[in-house]
Amino acid sequence: MRELKVSSDTSAYEVPASLDEQGRLTDDCVRRALAMMDTHGLVVLTHLLSDAEAAFGLDLIRQTIDDPERNRCSFASETDNRYLRRDFCSLPSNEPVTRFAATLCQRLEGIYSEYCGRTRALLEIITLTSYRGSSHQYIHRDPMGVISLLAAVEDVSEQQGGTVFVPGTHGYGGAEYRHGGAADELMRLFRIQCNWRILRHNLKKLWRMRKGEEAPLGDGEFLDRVFSTRWDQHQPNLLRFLLGKNNEFSIRMLGPRTLWKLYRQRKKLGNLFRLVQAAPRKGTVILYRSDILHAGPDNRSPVPRRLFAMSIARDVIDAKYWHDGYSPHPALTADPLCLGDLLGASRLLLPSTASNGRAKALVN
Ligand SMILES: [Fe+2]
């Protein structure tokens, strides 16, 4: 997106995965990853999954997406879901899914155990698929107190829309003292500055789609995405923007004092914060603290983008708060799992070094 300056250089946040004989991250790797998460709010662990393990995860996603009875997520742009611009759905707690999740948890135990106790809840296991024509999410924070994971089960290009992060914007005790005590206000302004540009980007894109360029619009889609009264926090919905009914970005956030501050601080904001877009290679896993500023971009390529995602709570969590922000599969709600369950569960029996073998036959 031309209006929004986004760097695709994630090298400052990357740690190459190095495993010990038990298939867990080495102590040195854990120490480096924790330093990244504490300093920047995220870490990009490259080569964490072998080709065979990533292929297994991709099969799980394909099987779920192909199931007409799949459980669609109730967050992150329902309108995109309705018009098949995105297909976000939760994965069932069956044996292959649990084994894949257990493999990730056990490999990352050194990191998880720093943030989450063994009794803390697995909030969701989902897959995030986006297609051409999806909207760029507004820059937002997920509910705090959660460690979230994104696993690339195939290569994700910038055009396909790897997740965008604003490193260093996560919360912790005393975080507000950053930037001379003005951190909260500066982050608020930066978020507004970005979201104004994202609104314009989404509107321009919809206009091009209306004229038959890019992905053709579905019946009623333009009106639904721009003038609908339905709740959706991540559409360029002008009606809800003007009525102040979008908590992520609305006219209520653009008072005269804020506009003046945005004008005065415009250069400083660009120097203090940077948007970084991950374009993870197959096998890369991103861990992030849920309250870091981030967004799922639009898919600007004809190739679907698929990611595996999983979230684990760092503390006790109220059921309403949980279900407002995360989408557990009904099977997970009926039979909850915690981090300790996944650390004790059977994992995949696949080569953990690079391999091109396929996955299905290797679960036993
Ligand atoms: Fe999010």
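Predicted model: local features only at pLDDT ≥ 70, side-chain atom pairs only at ≥ 80, totals over all residues.

Trainee: In what order do the 8 strands of the open sheet lie?

Mentor: Strands of a sheet pair through backbone hydrogen bonds, either parallel or antiparallel. Two strands pair if DSSP finds at least two bridges between them. Helices (H or I, at least four residues) and strands (E, at least two) are DSSP runs, numbered from the N terminus. Here the order is β2-β3-β10-β7-β12-β6-β5-β4, with mixed pairing. β2 (14-16) and β4 (71-72) are at the edges with a single partner strand each, so one side of each has no neighbour in the sheet.

Trainee: How many bridges join β12 to strand β6, and how many to strand β7?

Mentor: Strand β6 (residues 122-130) is joined to β12 (residues 305-313) by 8 bridges, and the two run antiparallel. Strand β7 (residues 146-151) also pairs with β12 in the antiparallel sense, over 6 bridges. Met-310 of β12 stands opposite Ile-125 and is the bridge partner of Leu-149. Leu-307 of β12 is the bridge partner of Leu-128.

Trainee: Are the faces of β12 covered or uncovered?

Mentor: In a regular strand the side chains alternate between the two faces of the sheet. A residue is buried if 20 or more other C-beta atoms lie within 10 Å of its own, exposed if 12 or fewer, and partly exposed in between, with C-beta atoms placed from the backbone. Both faces of β12 are covered: Arg-305, Leu-307, Ala-309, Ser-311 and Ala-313 are buried on one side, and Arg-306, Phe-308, Met-310 and Ile-312 on the other.

Trainee: Which residues have the most contacts inside the largest nonpolar core?

Mentor: In soluble globular proteins, nonpolar side chains tend to be buried together. A nonpolar core is a set of buried Ala, Val, Leu, Ile, Met, Phe, Trp, Tyr and Cys residues joined through C-beta atoms within 7 Å. The largest has 87 residues, and Leu-42, Val-43, Ala-151 and Leu-287 have the most contacts inside it. Two residues are in contact if their C-beta atoms, placed from the backbone, lie within 7 Å. Beyond four places in sequence, Leu-287 touches residues including Met-37, Ile-111 and Leu-149.

Trainee: How is the span of helix α4 checked?

Mentor: The expected span of a helix is 1.5 Å times one less than its number of residues. Helix α4 (residues 95-107) has 13 residues and should therefore span 18 Å, in agreement with end C-alpha atoms 18 Å apart. Of its 13 residues, 10 are buried, among them Phe-100 and Leu-104.

Trainee: Are Leu-49 and Leu-239 buried or partly exposed?

Mentor: Leu-49, in the loop between β3 and α2 (51-66), is buried because 28 other C-beta atoms lie within 10 Å. Leaving aside neighbours within four places in sequence, Leu-49 is in contact with Ala-54, Ala-151, Gly-283 and Val-285. Leu-239, in helix α9 (residues 238-242), is partly exposed, with 14 other C-beta atoms within 10 Å. Leu-239 touches Phe-227, Ser-228 and Thr-229, not counting residues up to four places away in sequence.

Notes:
Residues numbered from 1 in each chain as written.
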